[in-house]
Amino acid sequence: MADVASPAGPIPRSRASRAKSILFHAVVWLLTLIVVGPVALVMLFRFVPPPATPLVIGTILTEGPVFQRWLPLDSISPNLVRAVIAAEDGKFCSHYGFDLEAIDKALDRNAAGGRLRGASTISQQTAKNLFLLPDRTWTRKGFEAYFTLLIEGLWPKRRIMETYLNVAEWGPRRFGAEAAAQSNFGKAASELDALEAARLATILPSPRRYRADEPGPFVIRQSRIIFERMDDVRRDRLDACVFQ
C-alpha cells in the first residue's frame, strides 16, 4: 500500500523549485538593472549624444520647450573649456573623478558652521546632469558616485568635458554651451571670447539666479577672478587632457 503524504509534511519539490526560479530571475533582473544597464548606457553615450536628460525632460513637462543643441567639442570655444576648469575643477585632468582634497576642505568648512558647499568635480556634475535628477538625497549621491566611476573608467576626459558643456543648465530652459552663447551674447559657442566664457562659467552654479548678459556685482567680480585663472590653466596645461 502506497504512503500518503501528511498535510503537515514538507513543501512539494515542484513548489520549492518554482520559488527558487523566481528568486533567481529576480536577482538576475536586479543585477541587470543596477550593473549591466548603466554600463551599457554609459558606453552608448560615449559615442552617441544623449537624446535628453532627466532635468531636460522635467523642464519640458513643467515649463515648456527648451533650447538645446548638441555641439562637438571642436565647435565650442576653448575659452569656455578653460573657464569651467578655472571655475569648477582645476584638477580635472589629474583626478579620477573625485577631488579628495576638496572634499576634505568642504567637510571641514561645513562642520565649522560655514556656508554649506560641495566639492563636485566636472566628472561628478556630468554624471549628475546626464543621468539623475538634481535632488539632495544620499541615494542620489550614491548613484552619482557610481556613474562618476563609470564615465571616468569608460570615457576619455575629452568626452566628459564635451558632454558636460552640452548638458549643463545655463538659464531657464537653456541647456548646453550653444544655448548659453546664443541667449546671452547672440553668437555661436565657437565665438565666445575669454571674458564671455568667464561670465558663463560664473553663473553655472546658479544659472537661474545670475545672468551673464546683464551681470550684477557678484558676476562681474567673480568673472574677473575666473578670467585671470584661465591664464593659469593655459600656462600650466591644466587643460592638456582636453586639448591633446
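Which residues form one aromatic cluster? Select Phe45, Phe131, Tyr146 and Phe147, which together make up that cluster. Keep in mind while looking that the model is predicted.

Stay with Phe45 and Phe131. Their ring centres are 6.1 Å apart and their planes lie at 25°, under the 30 degrees cut-off, so the pair counts as stacked. Phe45 belongs to helix α1 and Phe131 to helix α5, so this pair ties together parts that are 86 residues apart in sequence. Phe45 has 10% relative accessibility, so it counts as buried. Phe131 is also buried, at 13%.

Next, select helix α3 (residues 78-88) and helix α7 (residues 157-167). Their axes come within 11 Å and cross at roughly 90°, which means that α3 is roughly perpendicular to α7. To see the contact, show Leu80, Val81, Val84, Ile85 and Glu88 in α3, then Met161, Tyr164 and Leu165 in α7. Sorted by class, this contact has 7 nonpolar residues, 1 charged residue and no polar ones.

Now turn to the largest nonpolar core. It holds 46 residues, and those touching the most other members are Leu80, Val84, Met161, Leu165 and Trp170. Helices that each supply at least two residues include α1 (13-47), α6 (138-154) and α10 (217-235). The helix giving the most is α3, with 6 residues. In soluble globular proteins, nonpolar side chains tend to be buried together.

Finish at Trp170. What is Trp170 in contact with, leaving aside its neighbours within four places in sequence? Select Leu80, Leu165, Gly176, Ala177, Ala180, Leu200, Ile203, Leu204 and Pro207 to display these contacts.

Notes
Residues are numbered from 1 along each chain as its sequence is written. This is a predicted model: local features need pLDDT of at least 70, side-chain atom pairs count only at pLDDT 80 or more; totals for chains, interfaces and linings use all residues. Side-chain values use heavy atoms; hydrogens and water are left out. Axes are lines fitted to C-alpha atoms, for helices over the stretch in contact, and angles run from 0 to 180 degrees between N-to-C directions. Helices (H or I, at least four residues) and strands (E, at least two) are DSSP runs, numbered from the N terminus. Angles under 35 degrees count as roughly parallel, over 145 as roughly antiparallel, 65 to 115 as roughly perpendicular and the rest as oblique. Contact means heavy atoms within 4.5 Å. Ala, Val, Leu, Ile, Met, Phe, Trp, Tyr, Cys and Pro count as nonpolar, Asp, Glu, Lys and Arg as charged, and the others, Gly among them, as polar. A nonpolar core is a set of buried Ala, Val, Leu, Ile, Met, Phe, Trp, Tyr and Cys residues joined through side-chain atoms within 4.5 Å. Buried means under 20% relative accessible area, exposed over 50%, partly exposed in between (1.4 Å probe, protein chains only). Rings of Phe, Tyr and Trp (its six-membered ring) pair if their centres lie within 6.5 Å; planes under 30 degrees apart count as stacked, over 60 as edge-to-face and the rest as tilted.
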